Amino acid sequence: MSFARLLHMASSYWGFVLMALHLGLHWGMFMRIAKRTFKLKKFSRVRRILLPIFGAGIAVYGLIVFIQRDLLTYMLVRTQFVFLDFGESIPLFYLDYLAIMGIFIFLAYYISKLLKKVSGKQKLIES
C-alpha cells in the first residue's frame with residue numbers, strides 16, 4: 001500500500017508536468033484561436049514583443065513557485081508525503097500551480113519553435 005501511495009504521488013506530479021509540456025507543444029494552435037476570436041488581422045509589433053515578455057514573466061514566477069514548493073522532491077520520490085498548507089488562500093494556490101504550468105508551457109512552446117526553425121534551416125542547407 002505504501003508503494004502505491006508513493007507511485008501515485010510521483011505519477012500525479014509527473015503527469016501534471018507532462019500535460020503542461022504537451023499543452024506547450026500545441027500552444028500555437030491556441031494562439032491562432034485567440035487571434036481569430038478577437039479578430040486580430042494585422043501584424044502588431046506591440047503584441048509580438050509584449051506576449052513573450054508576459055509569458056516569460058509567468059514562467060519565471062512559475063519557476064520560483066516550483067522551487068519554493070519543492071515539487072522536484074515529490075517528483076523524484078525523495079519525500080513520502082505531500083505537505084499542504086491548509087491556511088493558504090485557495091485562489092493563490094491555484095494561481096501558483098497555473099504559473100508552474102506556465103513555465104512548462106513556455107519551455108515547450110519556445111523550444112519547439114526553435115527546433116522547427118533549426119530543422120527548417122537544416123533542410124535548406126541539405127537541398
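**Entry 1: a nonpolar patch**

I started with helix α2 (residues 27–37), which supplies the largest share of a nonpolar patch, namely five residues. I kept in mind that this is a predicted model. Next I looked up the patch members, and they are Trp27, Met29, Phe30, Met31, Ile33 and Leu51. Together they have about 500 Å² of accessible area on the surface.

I picked out Ile33, which lies in helix α2.

**Entry 2: salt bridges**

A reminder to myself: side chains of opposite charge can pair when their charged atoms come close. How many salt bridges did I find here? The count is two.

In one of them, the side chain of Glu88 meets that of Arg69, with 2.3 Å from N to O. This pair links distant parts of the chain, 19 residues apart. Glu88 sits in the loop between α4 (71–75) and α5 (90–126), while Arg69 sits in the loop between α3 (45–68) and α4.

I then found Asp96 and Arg69 joined by a salt bridge at 2.8 Å, N to O. Here too the pair links distant parts of the chain: Asp96 is in helix α5, and Arg69, in its loop between α3 and α4, is 27 residues apart from it.

**Entry 3: how covered are they?**

I checked the three partners in turn. Arg69 counts as buried because its relative accessibility is 19%, under the 20% cut-off. Asp96 is buried as well, at 10%. Glu88, at 24%, counts as partly exposed.

Methods: Residues are numbered from 1 along each chain as its sequence is written. This is a predicted model: local features need pLDDT of at least 70, side-chain atom pairs count only at pLDDT 80 or more; totals for chains, interfaces and linings use all residues. Side-chain values use heavy atoms; hydrogens and water are left out. Patches are made of residues with over 30% relative accessible area and no salt bridge: like charges are joined within 9 Å, nonpolar side chains (Val, Leu, Ile, Met, Phe, Trp, Tyr) within 5 Å. Accessible areas come from the Shrake-Rupley method with a 1.4 Å probe; for residues, only the protein chains shown count as cover. A salt bridge is a side-chain nitrogen of Lys or Arg within 4 Å of a carboxyl oxygen of Asp or Glu. Helices (H or I, at least four residues) and strands (E, at least two) are DSSP runs, numbered from the N terminus. Buried means under 20% relative accessible area, exposed over 50%, partly exposed in between (1.4 Å probe, protein chains only).
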